[in-house]
Amino acid sequence: MQPFISHTGVAAPLLRINIDTDAIIPSREMKGVSKKGLGQGLFAVWRYNDIDARTPNPEFVLNQPDYTNTTILLAGDNFGCGSSREHAVWALAEYGIRAIIAPGFGSIFYQNCIRNGILPVTLANETVLDMAELMQSDPQSKQLTLDLERKLVIDCAGKQYSFEIADSHREMLLRGLDVIGLTLQLDDRLKAFEESYQQQFPWLYPNTNS
Amino acid sequence: MSKTLFEKIWDNHLVTELGDGASLIYIDRVFLHERTGSIALQSLSEADREVRHPTQVFCTMDHIVDTFPGRGDATVMPSGTAFIQSTRHEAQAAGITLFDIGDPRQGIAHVISPEQGIVQPGLTLVCPDSHTCTQGAMGAAAWGIGSSEAEHAMATQTLRINKPANMRVRFEGELGFGVTAKDMILHLIGRYGAKGGAGYAVEFAGSAVTSLSMEARMTLCNMAVEFAAFTGLVAPDDTTFTYLAGRPYAPVGEDWDQALRFWQTLYSDDEAIFDREIVIDASTIAPSVTWGTSPQHTCAITDTIPSLASFIDENDRTAAERALNYQGLEPGTVMSELQIDNAFIGSCTNARIEDLRMAATILKGHHVASHVKAICVPGSQQVKAQAEQEGLHQIFLDAGFEWRESGCSMCFFAGGEHFGAGERVLSTSNRNFESRQGPGTRTHLASPATVAASAIRGHITDPRTLMGNN
Ligand code: SF4
């Protein structure tokens with residue numbers, strides 16, 4: 001996994017609340033048993049006037065010239081709610097999104113971000129709206145810097161906003177860890193736990209399989 | 001120390017603290033389906049990792065498989081067959097239990113897991129599907145995860161997670177005539193918002209919950225994720241134990257006795273501290289229906305669509321405006337005057353045998369309005385068989401409903417079968433998001449009773465007008 005230490009890029013406002021994972025990657029865009037090839041389908045319903053022909057909808061923010069190099073999304077509350085599909089995060093990552101700033105996230109989506117090297121930043125609604133306003137008023141100010149080591153968002157004017165993130169999540173992102181490998185290093189402890197657990201709850205381990 | 005039900009389950013499964021705020025939690029059972037499970041299995045095997053305990057991993061075909069009679073691996077969903085066959089291949093290679101197409105146990109994951117007795121009180125169960133919270137109704141900690149986490153769960157039988165906070169939602173008193181668990185959960189989300197449960201494991205309690213059947217509790221917990229909760233759960237009681245006894249994966253004999261003694265300790269202690277508590281007077285809940293594109297856009301079926309001015313929060317107002325625009329509706333519209341084009345009875349929310357019985361009671365002797373396309377998709381093959389044994393399928397067919405094989409079907413759109421653009425669907429499912437049931441399709445959520453009554457009348461209809469002696 002690509003580590004996330006700090007990142008500077010263009011941020012695009014997508015301030016609707018409750019943007020769900022169906023909207024991020026519509027089901028019909030999940031065409032193969034694969035994590036790849038999803039970037040084209042990102043926000044497909046909003047992004048294209050004709051989905052099959054991939055005719056861009058000029059109204060949609062990511063299609064506007066100022067935002068062609070977007071790597072950060074500024075979103076409304078409860079971003080990524082709904083379906084658990086990790087495809088939403090794979091699609092965002094493939095499109096080039098490295099971070100999302102929102103007042104809140106769907107909880108499965110949040111975990112999926114951490115697992116895939118996308119930084120979810122939680123900031124108060126007013127702060128997100130202020131940032132969006134500043135950007136919209138000045139075409140030169142669309143860049144943000146995200147510094148995960150210092151837990152800061154820094155705008156073009158140098159103004160800093162600090163954010164909270166669980167240490168466990170920060171660590172995983174900073175180091176780009178293979179989490180399964182890391183957990184398997186705890187195998188001794190896991191085995192000891194399993195042994196006593198299975199003795200305590202033997203009915204969960206029937207020999208028969210109906 | 002006093003603990004909540006969720007804390008008791010959590011503590012039983014705590015392998016170790018990871019020192020950075022996260023805990024390593026033991027996972028008893030993993031459920032997969034062909035839409036997201038196939039990728040998890042595939043990428044696990046690509047990484048040369050094995051499923052740690054294959055006997056604790058189960059998989060079904062529900063999302064992509066067709067629900068037309070006579071179905072096979074071919075589906076109307078583009079490239080759907082590849083998902084089905086890859087899932088089968090990976091499941092066999094990994095040695096996990098697969099409820100395949102043609103298996104009489106096949107059905108929607110969250111319907112068949114309780115039906116087979118796979119989810120049990122006190123255990124942890126995860127599935128790469130957001131409605132896994134349905135299974136919390138059995139008194140388990142069951143929650144939805146992403147595919148990468150599913151890989152982690154299968155490879156290590158654990159997950160690294162941060163402990164959610166505890167909320168209790170108490171529905172006290174008696175539900176009114178014609179009011180169901182679906183109306184309870186819609187009411188809750190309508191009142192406290194689609195993110196009201198964010199960050200919490202939500203225990204549903206109170207006299208109106210303990211008097212619900214097991215299946216109705218599943219409906220209630222099903223939409224905990226629509227409340228943004230980490231999961232929902234209900235303390236196990238005699239209703240739970242009676243439901244579970246004799247199911248294929250339920251313990252028997254001495255194991256049962258031992259399990260039962262343990263299950264009876266699974267409740268929130270009197271002194272347990274909830275970070276938040278909500279109390280709702282169950283008698284005030286009416287049959288409910290959604291008008292917009294978020295489950296929080298809910299009102300009583302007797303109500304009108306709220307005015308935009310009634311939304312104090314600007315974000316909420318913008319969202320409501322957008323929703324009404326999408327739905328082709330105006331504030332002030334009387335819900336019960338809304339004509340519908342389609343009626344859908346199905347999904348992991350409301351496609352169990354009691355749901356079908358409820359709908360059939362209303363449909364009996366009636367026919368759906370001539371302009372309404374009506375579809376019933378049982379939640380599992382076992383539900384379907386049971387319904388057929390009781391003759392319910394005949395009532396549905398005589399009323400003009402299609403009678404399908406089990407699966408998720410048109411609960412969600414994946415490029416295959418769907419409802420038309422601009423068409424209005426009254427649905428027993430759980431999501432009314434834009435284009436959820438088809439591009440441009442307008443979804444309204446309600447109980448099976450409401451959907452059945454509305455299908456007959458051709459417009460949204462208070463089911464009480466067609467129930468009992470009225
Ligand atoms: S029935 Fe619908 S909500 Fe339930 S698991 Fe299937 S697609 Fe998801």
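Over all chains, the structure holds 30 salt bridges, a salt bridge being a side-chain nitrogen of Lys or Arg within 4 Å of a carboxyl oxygen of Asp or Glu. The model is predicted, with local features needing pLDDT of at least 70, side-chain atom pairs counting only at pLDDT 80 or more, and totals for chains, interfaces and linings using all residues. Residues are numbered from 1 along each chain as its sequence is written, chains are lettered from A and ligands numbered from 1 in the order in which they are written, and side-chain values use heavy atoms, with hydrogens and water left out.

**A salt bridge within chain B**
- The side chains of B:R170 and B:E277 form a salt bridge with an N to O distance of 3.6 Å.
- B:R170 belongs to strand β9 (residues 165–172) of chain B and B:E277 to strand β12 (residues 276–281) of chain B, so this pair ties together parts that are 107 residues apart in sequence.
- Helices (H or I, at least four residues) and strands (E, at least two) are DSSP runs, numbered from the N terminus.

**The interface of chains A and B**
- Chain B contributes 76 residues to the contact and chain A 61 residues, where contact means heavy atoms within 4.5 Å.
- About 5600 Å² is buried between chain B and chain A, 54% of it on carbon and sulfur atoms; buried area is the accessible area (1.4 Å probe) that two parts lose on being put together, summed over both.
- Seven salt bridges are counted between chain B and chain A.
- One of the salt bridges pairs B:R52 with A:E194, whose closest N and O atoms are 3.2 Å apart.
- On the side of chain B that touches chain A, the elements giving two or more residues include β1 (14–17), β2 (23–26) and α5 (147–156) of chain B.
- The largest share of that side, seven residues, comes from α5(B).

**The sheet of chain A**
- Seven strands make an open sheet in the order β6-β5-β4-β1-β7-β8-β9 (chain A), with mixed pairing; two strands pair if DSSP finds at least two bridges between them.
- At the edges stand β6 (119–122) and β9 (160–162) of chain A, each with a single partner strand, so one side of each has no neighbour in the sheet.
- Strand β1 (residues 6–14) of chain A pairs with strand β4 (residues 70–75) of chain A in the parallel sense over five bridges.
- Within this pairing, A:A11 stands opposite A:I72 in β4(A).

**The sheet and hairpin of chain B**
- An open sheet of five strands has the order β5-β4-β3-β6-β7 (chain B), with parallel pairing.
- Its edges are β5 (97–99) and β7 (141–144) of chain B, each with a single partner strand, so one side of each is left without a neighbour in the sheet.
- Strand β4 (residues 57–60) of chain B and β5(B) are joined in the parallel sense by three bridges, and the bridge partner of B:C59 in β5(B) is B:L98.
- Elsewhere, β1(B) and β2(B) run antiparallel and are joined by three bridges, with B:S23 in β2(B) as the bridge partner of B:E17.
- Five residues lie between the strands of the hairpin of β1(B) and β2(B), in which B:G19 takes a positive phi near 85°.
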